[in-house]
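Have the structure open as you read.

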Amino acid sequence: MITIKDHIEQVLDSLRARTGSDFSGLLLMDNPDAGLRWNFVSGNRSIRSKQIILRPGQGLPGLVMRLGRRVILDDSIPDIRKLRFDNPIMLAENLHAVAVIPILKERDILGLLMIGSRKPTLYSSQLIEMIEQEAEMLSPVIEGLKSGPISSR
Amino acid sequence: MIRILVVDDHIVVRSGLMALLNGKNGMEVIGDAADGQEAIQKAQELKPDVVLMDFSMPQGMDGLTATLELKKLLPDIAVLILTMHDDEEYLFRAIQAGASGYILKSAPHDELVSAIQSVATGSAYLYPSATKRLMNEYLDAMKNGEPQSAFDTLSEREREILSWVAKGYSNKEIAEHLIISVKTVETHKSNLMEKLGLKTRPDLVKYAMKKGMLNFE
């Protein structure tokens, strides 16, 4: 029998393959005050990416919360190199570009779905749409996770 | 406790900001509004210390108009513009409208917290590159010779006469020195005092001292 955890891992592996990305991850906004971390990752080079704890407002989750929408950090941004230093996951996984999509339920951000590339990348709008569709489908899955303890890969 | 009203047309942003700010760093989010009109109503009702205001709210009254109205109705409230627009035109318009600060949504969270704390205590807050732009604007105005103060509106002759009067010379003595009529000196003196908003000779002496025009060596 497939568990929710297994399902999420499959989604992340598949998303990484379909988008030609080096990395994909899911962050759950279950208790931001206690610190946030990338609960599920695929294509990670080290365990560090899962050990990073972000304080409320910090890093990519903080940016998505302030903007209320997706964040794309790719080659279209002139100071992308500088921005990497504000985002520990990019440093830990040596990511040159990331696309982070909020997983929404009404007014709340349930989590973040991210893909990342270790080489300079320019994300197309079609690719971003694909990740947004995936994020939409993950919304009820994350709600299902809330009913039980959150385990991670 | 700093009491905050969050104004943004995007419900997810309002929710996110409330989650990030409420109950932390001595801050309390006491309400939220989806457009400028609602912001004014809520501000009158809740009397926040700081209004965190989005600039563009296409569905209702925009942040700029709301800031203007709020500052008229509740001048003690500090308005901090929180925007995606890293654009000097927006920045200058916000300041003219009475905003106490201007910060980008992409700014680090600690900077947002510090901006809220600054404007709540009556100080102004601008993000670093905005400060640089304002300085550039000021320097450009200086280079282009735009008047920076009443002093800059004085003609060369009026400045000359200001200096003589401040040093204690009579109209007649000044007229003789500059080889002009006493009546012309009186006219210049009257014009320069009007331009500087001064009424008496002691006022004029003080003014000249402040401007470094008196040298007693």
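This is a predicted model: local features need pLDDT of at least 70, side-chain atom pairs count only at pLDDT 80 or more; totals for chains, interfaces and linings use all residues.

In it, chain A and chain B bury about 1,500 Å² between them, and the largest pocket holds about 1,000 Å³ of space.

**Where the chains meet**
- Chain A brings 17 residues to the contact, and chain B brings 21 residues.
- Of the buried area, 61% is on carbon and sulfur atoms.
- Met65(A), Arg66(A) and Arg107(A) supply 49% of the area that chain A buries against chain B, more than any other three residues.
- Three salt bridges are counted between chain A and chain B.
- Arg107(A) forms a salt bridge with Asp32(B), with their closest N and O atoms 3.8 Å apart.
- On the side of chain A that touches chain B, helix 3 of chain A has the largest share, five residues.
- That side of chain A consists of six nonpolar, four polar and seven charged residues.

**The largest pocket**
- Among the 32 residues that line this pocket, Leu63(A), Leu83(A), Asp86(A), Ser106(B) and Ala107(B) are the closest to its centre.
- Helix 3 of chain A also gives the most to this lining, with four residues.
- The lining has 14 nonpolar, eight polar and 10 charged residues.

**The second largest pocket**
- About 210 Å³ of space lies here.
- Its lining includes Arg69(A), Ile101(A), Glu132(A) and His10(B).
- Strand 4 (97–105) of chain A has the largest share of this lining, four residues.

Definitions and conventions:
Residues are numbered from 1 along each chain as its sequence is written. Chains are lettered from A and ligands numbered from 1 in the order in which they are written. Side-chain values use heavy atoms; hydrogens and water are left out. Contact means heavy atoms within 4.5 Å. Buried area is the accessible area (1.4 Å probe) that two parts lose on being put together, summed over both. A salt bridge is a side-chain nitrogen of Lys or Arg within 4 Å of a carboxyl oxygen of Asp or Glu. Helices (H or I, at least four residues) and strands (E, at least two) are DSSP runs, numbered from the N terminus. Ala, Val, Leu, Ile, Met, Phe, Trp, Tyr, Cys and Pro count as nonpolar, Asp, Glu, Lys and Arg as charged, and the others, Gly among them, as polar. On a 1 Å grid over the protein atoms alone, a cavity is a set of points where a 1.4 Å probe fits but cannot get out, and a pocket is an open set with protein on both sides within 12 Å along at least five of seven lines; lining residues have an atom within 4 Å of a point. Grid points are joined across faces, edges and corners, and a volume is the space filled by probe spheres set on the points.
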